[in-house]
Amino acid sequence: MRKKIKNNVSWVGKVDWELRRFHGEEYSTDNGSSYNSYLVEEEKTVLIDTVWRPFSAEFVENLASEIDLNTIDYIIANHGEEDHSGGLPELMEKIPNTPIYCTANAVKSLKGQYHCDWDFHVVKTGDTLDIGNGKSLVFVEMTMLHWPDSMATYLTGDNILFSNDAFGQHYASEKLFNDLVDQCELMSEAIKYFANILTPFNPVLRKKLDEVIGLGLTIDIIATSHGVIWRDNPMQIVSKYLDWSKDYQENQITIIYDTMWGGTKKLAERITEGIEQQDPTVVVKVYNLAKTDRNDVITEVFKSKTVVIGSPTVNNTTLHSIAGFVHLMKQMKFKNKKAASFGCYGWSGESTKILREILQSAGFETMEESLRNQWKPDEAQQSDAIEYGVKIAKM
Ligand code: FEO
């Protein structure tokens, strides 16, 4: 059902409380999500974005109970990905001639996904659409934030930026606005979303944020396409994005390992002791990757200045859990972070060297020396691990 945002602007989206994995199985959504669609009713009636495909029938039915679908003058498709455009095929069956405003790349993505021939109107940054009552929509291309087709739409008069994926969170709430939800949960989901989805696009993001700020638009509300809408101090999330996009790090060292018989785990614990001994001011976090959500660990990597990765040697290489995770770290294109590797072995012992090479290829500055331990660490070897932690803290 519709919820009022401001004046003649309403939310007509879907809150998905059940969602636990997103982008296939790639992203954990422990707090669900939402697909925010908006209705603007001035002299012209405008629908901005829709919902994910599984909810398309419910979306169109709800919308039809609120307004006569034939009164929709314009549809704005800020982004072609299915979680926002998934309602279009069902909707366009009912109103096939309604014009759709989107970027040139969005035409490609919508045609590619839905094999449709709708009435597309391509827009570029700065193009406007008059919707009556002295208000208009201004389009801002958000290329690579996070798809080539992404766009934001600004509503003059009400000063609302419909930002699509940017500034979102995978966070289900019936409360709709940022000032009405638990602030710790909200910021935790916002940073996880940034770390896992937007980090690879940091250089583009910094330029785009400067460009949007340079437009001098008064922004009273940032209406995202996932999670809650920023109406209380909306620029707080813009300020966070500026910080996060500048190769962000805190005074944190994160140790990530997997283990078969506990030897590599023992090393992780002793390394932690050494770091704490050398620098009690540093935050140290330790994760057994096999027992921890990988997207939460990526968020911790995002916050870290140094990452220490451990795996025993198995069949002349690392455990596949660690190899997959380092691949994910590489996808994120982290910059300005250091790394070290460690692990136990029984016979050949290649894992630490392989880890160091993968970490280097992922853009991390690695410590020359890895901690490579044959069999279970005895007392002397555990002391070596503490000393290795001291060196990491000094790095
Ligand atoms: Fe929320 Fe890029 O889709």
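This is a predicted model: local features need pLDDT of at least 70, side-chain atom pairs count only at pLDDT 80 or more; totals for chains, interfaces and linings use all residues.
Helices (H or I, at least four residues) and strands (E, at least two) are DSSP runs numbered from the N terminus; buried denotes under 20% relative accessible area (1.4 Å probe, protein chains only). In H1 (residues 56-66), the buried residues are Ser56, Phe59, Val60 and Leu63. Viewed down the axis of H1, they fall within an arc of 90°, so they line one face of the helix; the arc is that of the directions from the helix axis to the C-beta atoms.

Residues are numbered from 1 along each chain as its sequence is written. Local features need pLDDT of at least 70 and side-chain atom pairs count only at pLDDT 80 or more, whereas totals for chains, interfaces and linings use all residues, and side-chain values use heavy atoms, with hydrogens and water left out.

The domain assignment, which is automatic or from a database, gives domain 1 (3-244) and domain 2 (252-394). Their C-alpha centres are 39 Å apart. The contact (heavy atoms within 4.5 Å) takes 14 residues from domain 1 and 12 residues from domain 2. Across the interface, two salt bridges are found, each defined as a side-chain nitrogen of Lys or Arg within 4 Å of a carboxyl oxygen of Asp or Glu. On the side of domain 1 that touches domain 2, strand S5 (27-28) and helix H5 (183-198) are the elements that give two or more residues. H5 gives the most, with five residues.

Definitions and conventions. Buried means under 20% relative accessible area, exposed over 50%, partly exposed in between (1.4 Å probe, protein chains only).
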